[in-house]
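Here is a short briefing to read alongside your protein. Take a look at the sequence and the fold, and then we can walk through a few spots together.

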Amino acid sequence: MSYSSNHLSNSISLNVKGTHIIDEKDESQLVSTNDIALPNQKPLNHVGIDIGGSLTKIVYSSKLENGGKLNFESIETSKVEQIVQRLKEVLKLHYGFDPDSDSGEQNEVIIMATGGGAFKYNQLLLDEIKCPVVKTDEMQSLIVGLDFLITRIPDEIFTIDEHFSYNSVQCLEDPHIYPYLLVNIGSGVSMIKVTANNTFTRVSGSSVGGGTLWGLLSILTAANDFDEMLALAQDGNNENVDLLVGDIYGRGYNKIGLSAEAIAASMGKAFKKITADVKVPEDASVEEIRARRLERLLAFDQKDIAKSLLFAISNNIGQIAFLEAQRCGISKIFFAGSYIRNHPQTVKTLSYAIKFWSNNQQSAYFLRHEGYLGSLGAFLSKRASEDA
Ligand SMILES: Nc1ncnc2c1ncn2[C@@H]1O[C@H](COP(=O)(O)OP(=O)(O)OP(=O)(O)O)[C@@H](O)[C@H]1O
Ligand SMILES: CC(C)(CO)[C@@H](O)C(=O)NCCC(=O)O
C-alpha cells in the first residue's frame, strides 16, 4: 500500500489538550479534548479502532459548523460492553446509523479495526455493531498513523532538552526524516525500523512494557487506575526503595561514570525490609510467609514504589531502544504508546536514557497523540486503500 492519501488536507489545524480516557463514572468526559480539525469535506463513513491488550482506542469523525473534526477516545479493553456501547453511540450520533434499531442492510459505515482484539472480538463486532469490519495489520497501522502525524500535523512532535523544557519540532517537510525507530510502548513494546514511506521492519520487542507497570502497581499500591498510579509516582522518592551506588560505595564510583545518586539496583532496598528484617517460624507455611511479607509491604510508601518502577521500566525500555537504534544505525527514535501518557517523568526518563547511553548521538521524539497511532492508521487505511 502506498500511503499518500490527501483526504485530510495540509490546512488541518490541531487542538490538543491531552489524551482522553473515558471513565464510566464521569460521563462529561465523553467530550473528547484532543481533536484534530478537518477541513470542509464530504462526511466520512468509517471509524478506526485499535483493540489492544490494555486499551481500546477509537478514532471517529464528527461534523462541525465549518468542516469537521477527528475525535480520539480510549476505554480499557476489559470493559468490552462499554466499548460496544460507545461504538453504538458514536455511530448513532455522528454517522446516522443505529445498530440497535437499523437492520444494517442499508448501512455504509465500515469499522477499520486493528490490534489483537480486531481478531479476538471480530465476531462480537459483527454481531453487535452490524457493520463490515476490515482488519488492518497492527504494525502497518502504527506506521501509517505515525507518518500522518509527523508529516501532516503541525506541533505534533516534541523533544525535551537538557533542562527538561518541551520543544516543538517541525518535521513536516523534512526530507531527511528517515530512517527512524518507532518504539511503541503499549502492554508490551514493539520496536519498528522505518526506512522510507511505508517501508518498515519490526526489529525487536520487549514483554517489559506498560502492562508490566500497570500489573505490578496493581499488586503493590492501592491506586484504582493507571492515572492514579502516575500521580503516585509523581510525588514519590525512589531513593527509599532503590539501592543507589552511594548506598553500596558510600560515594560515587566515578571511575566508571557512576555518581553516588545513580540507581545501582531498582527496588534493591526492598529485600532487606521485606525478608531480612522479618523473622518467621521455620515451619511457617508458604501462605503464612507470604502474608507476613505482604504486611511488610506497608513499610514502604506506595508513592516511592510507583516512582521506582516507573523509572525501572522506562529506563529499561530506553536502554533497549538505544541498543536497537545503534544496531540499526539509526539516530532518531520516536516513542509512542499510551504508556507514555505525556507524563513528565516518563518523557524525561526515556529522553535522558537515550541521551545518556548514546552520548548525545541519538535523539528521542514524542507525540501529542502518542496512544493513537494504530487507531489513526486503521482509520486512514480506509481512504488509502481506496486511493491505491
Ligand atoms: N487509563 C489507562 N488504563 C490502563 N492503562 C493505561 C491507561 N492509560 C495509559 N495506560 C498505559 O498504557 C498501556 C497500554 O498502551 P496502549 O494502549 O498503547 O497499548 P495496547 O494497545 O493496549 O497494548 P498492545 O499494543 O501491547 O496490545 C497500559 O498497559 C498502561 O501502561
Ligand atoms: C504482542 C503485541 C504486538 C500486541 O500489541 C505487543 O504487546 C508486543 O509487541 N509485545 C512484546 C512481545 C515481544 O516481542 O516480546
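In which helix is Tyr352 found? Tyr352 is found in helix H11, which covers residues 344-358. Please keep in mind that this is a predicted model, where local features need pLDDT of at least 70, side-chain atom pairs count only at pLDDT 80 or more, and totals for chains, interfaces and linings use all residues. Residues are numbered from 1 along each chain as its sequence is written, chains are lettered from A and ligands numbered from 1 in the order in which they are written, and side-chain values use heavy atoms, with hydrogens and water left out.

**The chain as a whole**

- The chain holds 12 helices and 15 strands; helices (H or I, at least four residues) and strands (E, at least two) are DSSP runs, numbered from the N terminus.
- Of its 388 residues, 48% count as buried, where buried means under 20% relative accessible area, exposed over 50%, and partly exposed in between (1.4 Å probe, protein chains only).
- Among contacts (heavy atoms within 4.5 Å) with a separation of 6 or more, 65% are between residues 24 or more positions apart.

- Tyr352 is partly exposed, because its relative accessible area is 49%.
- Phe164, Tyr352, Phe356 and Trp357 make up a nonpolar surface patch, with about 420 Å² of accessible area together.
- Patches are made of residues with over 30% relative accessible area and no salt bridge, joining like charges within 9 Å and nonpolar side chains (Val, Leu, Ile, Met, Phe, Trp, Tyr) within 5 Å; a salt bridge is a side-chain nitrogen of Lys or Arg within 4 Å of a carboxyl oxygen of Asp or Glu.
- Thr349 is also in helix H11, but Thr349 counts as buried, at 9% relative accessibility.
- Leaving aside residues up to four places away in sequence, Thr349 touches Phe311, Ser314 and Asn315.

**A negative patch**

- Glu282, Asp283, Glu287 and Glu288 gather on the surface as a patch of negative charge, with each charge placed at CG of Asp or CD of Glu.
- Glu287 belongs to helix H9 (residues 286-297) and is exposed, at a relative accessible area of 59%.

**Strand E10**

- Ala196 sits in strand E10, residues 189-196, and is partly exposed at 30% relative accessibility.
- From C-alpha to C-alpha, Ala196 and Leu38 are 26 Å apart in space, and they are 158 residues apart in sequence.

Technical notes
Accessible areas come from the Shrake-Rupley method with a 1.4 Å probe; for residues, only the protein chains shown count as cover. Lys and Arg count as positive and Asp and Glu as negative; His and the chain ends are not counted.
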